[in-house]
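Dear colleague,

Please find below the structure that I am handing over to you. My findings follow it, beginning with the ligand site and then turning to the strands and loops.

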Amino acid sequence: MTWVPKDMVSAEIAFSDADFRAIAAIAQERFGLNLAESKKPLVYSRLSKRLKARNLNGFPEYLKLLNQADETDERQELISALTTNVTSFFRENHHFETLTSECLPALAAGARARQRVRLWSAGCSSGQEPYSIAMSVLDQFPEAANHDVRILATDIDPQIVGRARTGSYPIEEATGIPAAYQTKWVRKADGGGRITMGEPLRQLITFAELNLMDPWPFKGPFDVIFCRNVAIYFNQQTQQNLWQRFCQMLTPGGYLFIGHSERITGPATQKLSGVGITSYRKALARSGTSAH
Ligand SMILES: C[S@@+](CC[C@H](N)C(=O)[O-])C[C@H]1O[C@@H](n2cnc3c(N)ncnc32)[C@H](O)[C@@H]1O
């Protein structure tokens with residue numbers, strides 16, 4: 001059946017069930033995204049803009065293009081079109097409270113004793129999450145930059161990683177940042193219309209493009225992983241594999257924070273215990289055994 005939305009400017013472009021299934025298969029295979037039938041209007045509205053931008057006559061032509069080896073940029077446009085980047089500073093603030101009260105005191109003590117401390121914002125979108133982590137770290141541990149403390153911030157979407165790196169946001173977003181943190185690390189820019197993240201925050205964070213479905217180009221381990229409101233777009237098997245991989249990447253006793261509508265299921269439940277709302281902790285290794 002060919003489906004054409006009634007009220008869209010681009011209604012002249014037909015979008016068949018077969019076209020949708022082919023796009024859904026690419027999204028699943030390459031990015032782990034689970035595009036339910038109900039997403040068809042959204043997919044149509046976002047991708048018909050790409051067809052226009054590339055001057056294409058229909059979805060079959062677009063699908064052919066996506067499979068060409070030299071169309072990396074178009075595949076990246078596809079990711080940007082299909083993913084949702086909604087985020088905010090200190091979103092689901094209870095995770096930052098747990099970070100501050102339960103994780104950071106021990107991590108700061110470890111760092112002062114020359115241990116390596118690593119935190120990861122996986123699916124960081126435009127960066128508000130890793131900058132919120134950096135503010136929490138510096139508030140507890142102002143000299144963190146003089147120690148081996150790093151925050152890795154990754155996302156599949158190169159455009160959004162570019163935005164995160166700039167650390168520049170509309171001034172309205174500042175309301176999500178505690179006033180004391182704003183005074184210390186947030187600067188007003190562009191005549192007061194925008195805010196920028198201060199240098200001490202940036203120094204702690206490394207931004208990188210990473211598809212969580214691909215092999216991860218680092219060994220870890222991480223003391224804390226935030227992967228919030230990302231796995232919600234994956235099917236159950238993909239989610240379970242991801243939880244298991246995060247579990248292997250965590251230090252014994254390390255923390256995993258996930259989104260408000262996500263739950264840990266599958267083999268990872270054997271090693272991760274709930275320690276609060278959508279907050280999990282990996283079992284501490286018993287002496288003589290490996291926790292991985
Ligand atoms: C809704 S945002 C969540 C941002 C932030 N974690 C938060 O909770 O506010 C979801 C992010 O996941 C990213 N994403 C989706 N699929 C991904 C994948 N396979 N690998 C890495 N990131 C992915 C999207 O690009 C998007 O920026």
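The ligand is surrounded by 21 residues, the closest being Thr 87, Arg 91, Gly 123, Asp 155 and Asn 229; a residue is near a molecule if one of its heavy atoms lies within 4 Å of it. This is a predicted model, in which local features need pLDDT of at least 70 and side-chain atom pairs count only at pLDDT 80 or more, while totals for chains, interfaces and linings use all residues. Residues are numbered from 1 along each chain as its sequence is written, and side-chain values use heavy atoms, with hydrogens and water left out.

By class, the shell around the ligand comprises eight nonpolar, eight polar and five charged residues. Here Ala, Val, Leu, Ile, Met, Phe, Trp, Tyr, Cys and Pro count as nonpolar, Asp, Glu, Lys and Arg as charged, and the others, Gly among them, as polar.

Polar contacts are pairs of N or O atoms within 3.5 Å. An oxygen atom of the ligand lies 2.6 Å from a side-chain N or O atom of Asp 155, and an oxygen atom of the ligand is 2.8 Å from a side-chain N or O atom of Arg 91. A nitrogen atom of the ligand is 2.9 Å from a polar backbone atom of Phe 31. Taken alone, the ligand exposes 610 Å², of which the protein buries 99% (Shrake-Rupley method, 1.4 Å probe).

Turning to the strands, these are DSSP runs of E with at least two residues, and helices are runs of H or I with at least four, numbered from the N terminus. Two strands pair if DSSP finds at least two bridges between them. Strands E6 (residues 186–189) and E7 (residues 194–197) run antiparallel and are joined by four bridges, with Arg 187 opposite Thr 196 in E7. Their hairpin has four residues between the strands, and Asp 190 takes a positive phi near 50 degrees there.

Strand E12 (residues 279–282) pairs with strand E10 (residues 250–258) in the antiparallel sense over three bridges; Tyr 255 stands opposite Arg 281 in E12. Strand E11 (residues 272–276) is also antiparallel to E12, through four bridges, and Leu 272 has Lys 282 as its bridge partner in E12. In the hairpin of E11 and E12, with two residues between the strands, Thr 278 has a positive phi near 45 degrees.

Two loops also deserve mention. Most residues other than glycine have a negative phi, and most peptide bonds are trans. Arg 114, in the loop between helix H5 (94–112) and strand E3 (117–122), has a positive phi of about 70 degrees. A cis peptide bond, with omega about -5 degrees, joins Gly 220 and Pro 221; Pro 221 lies in the loop between strands E8 (205–209) and E9 (222–227).

Yours sincerely

Technical notes:
Polar contact = N/O pair within 3.5 Å; in protein donor to acceptor, adjacent residues only side chain to side chain.
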